[in-house]
Amino acid sequence: MSGLELISTYISDSEDDEVISDNSNNSSNNVLQRLPLPGVIATWKGVSHHEEVSDSPSQHDGRVRSFKHERGNWATLVYLDYEPSEAMLSWILSVLEELPIKCNIFREQFHISITRTLILKFHWIESFVEEIKKLCEQTDEFNLELLNLRAYCNEDKTRTFLGIECIDDKGILDHFVKNLNNSLAEYNLPPFYEDSSYHISFLWCLGNETAILNEFTSSLTDKLNQFLIEHTEDRYIHVNKVHLKIGNKLYAFKLS
């Protein structure tokens, strides 16, 4: 299977029915002008105002949503994009064979979260987008280094993830997240996790299986390090954009 075919299987089936991408170089003001007015929110591919949304886990591979859809609330995430090479994709697939429990490859696009999943009110969107854009304009590009494997569990203990931990030894990402947390506080939104660990989640399973996965993280880290020795170009991620997802709208802001 080619790398393009692998990537298509990961990106094709996110929790949203459809993602409308706007990663052009237009200014955020142009993007915002395309946001529909409140009266026509129902024309978006998101939740219609008259529609009762089904959150049945059977429709999402057993996954449970962390919050219910409500009109006027928009699920929001700030993140860094990650596009693995074909060699890295092959390595990720090989990890499935090492684990004794049923795990799933991430079908969403690989990324590094730098906020929790937030609930944004519609009337906050314009100012929030401008805040993120301004922070990006004040932040230099940087590199992340892949370090080791680590198991993570969500706050509801409904899903466990296996991820590759990353570090920015210049501290640029930490500084960005600190300023981002200050902006979130203005909207009474929670900050990123206090014991934050920047990572690329690539496998998941239902329930809290951290104890089992932790038995394999050491040996898998050794294999990751061996892979990175043989593929040095995969050790670092150059970050020159920050991505923002609000509902089914995507924004991408260049760093300075």
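**Figure 1. The hairpin of β5 and β6 in the predicted model.** Five residues separate β5 from β6 in this hairpin, and K157 in the turn has a positive phi of about 60°. K157 takes this phi although it is not a glycine. Most residues other than glycine have a negative phi. K157 sits in the loop between β5 and β6 and is partly exposed, with a relative accessible area of 49%. The two strands, β5 (residues 142–153) and β6 (residues 159–167), pair in the antiparallel sense over seven bridges. Opposite T160 in β6 stands C153, and opposite I164 in β6 stands L149. Strand β6 is mostly covered, with eight of its nine residues buried.

**Figure 2. The open sheet of five strands.** The strand order is β2-β7-β6-β5-β8, and the pairing is antiparallel. The edges are formed by β2 (104–105) and β8 (236–239); each has a single partner strand, so one side of each is left without a neighbour in the sheet. Helix α6 (residues 210–230) packs on the sheet and touches β5 and β6. The direction of α6 makes about 150° with that of β5. Strand β6 also pairs with β7 (residues 199–206), in the antiparallel sense and over seven bridges. Within this pair, L162 has L203 in β7 as its bridge partner.

Figure 3. What is the relative accessible area of S201, and is the residue buried or exposed? The value is 13%, so S201 is buried. Leaving aside residues up to four places away in sequence, S201 touches F106, F110, H111, F161, L162 and G163. The side chain of S201 also makes a polar contact with the side chain of H199, at 3.4 Å. The C-alpha atoms of S201 and L149 are separated by 9.5 Å, and the two residues are 52 residues apart along the chain.

**Figure 4. Helix α3 and the largest nonpolar core.** The buried residues of α3 (residues 86–96) are M88, L89, W91, I92 and V95. They cover an arc of only 160° around the axis, which puts them on the same side of α3. The largest nonpolar core has 63 residues. Those with the most contacts inside this core are M88, W91, I114 and F202. Not counting residues up to four places away in sequence, W91 touches L149, I164, F202, L220, K223, L224 and F227.

**Figure 5. R116 in the loop between β3 and β4.** The loop that holds R116 runs between β3 (111–113) and β4 (118–121). R116 has a relative accessible area of 19% and counts as buried, because the cut-off for buried is under 20%. A polar atom of the R116 side chain lies 2.6 Å from the backbone oxygen of P191. With residues up to four places away in sequence left out, R116 touches T76, L77, E155, P190, P191, F192 and Y193.

**Figure 6. N188 in the loop between α5 and β7.** This loop lies between α5 (172–186) and β7. N188 has a positive phi of about 55° although it is not a glycine. What is the relative accessibility of N188, and does the residue count as buried or exposed? At 73%, N188 counts as exposed.

**Figure 7. The hairpin of β9 and β10.** Strand β9 (residues 241–246) pairs with β10 in the antiparallel sense over six bridges. H243 has A252 in β10 as its bridge partner. There are two residues between the strands of this hairpin, and G247 takes a positive phi near 60°. Strand β10 (residues 249–254) is mostly covered, since five of its six residues are buried.

**Figure 8. The whole protein, for orientation.** The protein has six helices and 10 strands. Of its 256 residues, 42% are buried. Among contacts between residues at least 6 apart in sequence, 81% join residues at least 24 apart.

Terms used: Residues numbered from 1 in each chain as written. Predicted model: local features only at pLDDT ≥ 70, side-chain atom pairs only at ≥ 80, totals over all residues. Heavy atoms only, no water. Core = buried A, V, L, I, M, F, W, Y, C linked by side-chain atoms within 4.5 Å. Buried < 20%, exposed > 50% of the residue type's maximum accessible area, 1.4 Å probe, protein only. Contact = heavy atoms within 4.5 Å. Pairing = 2+ DSSP bridges. Helix = DSSP H or I, 4+ residues; strand = E, 2+ residues; numbered from the N terminus. Axes fitted to C-alpha atoms, helices over the stretch in contact; angles between N-to-C directions. Arc of directions from axis to C-beta. Polar contact = N/O pair within 3.5 Å; in protein donor to acceptor, adjacent residues only side chain to side chain.
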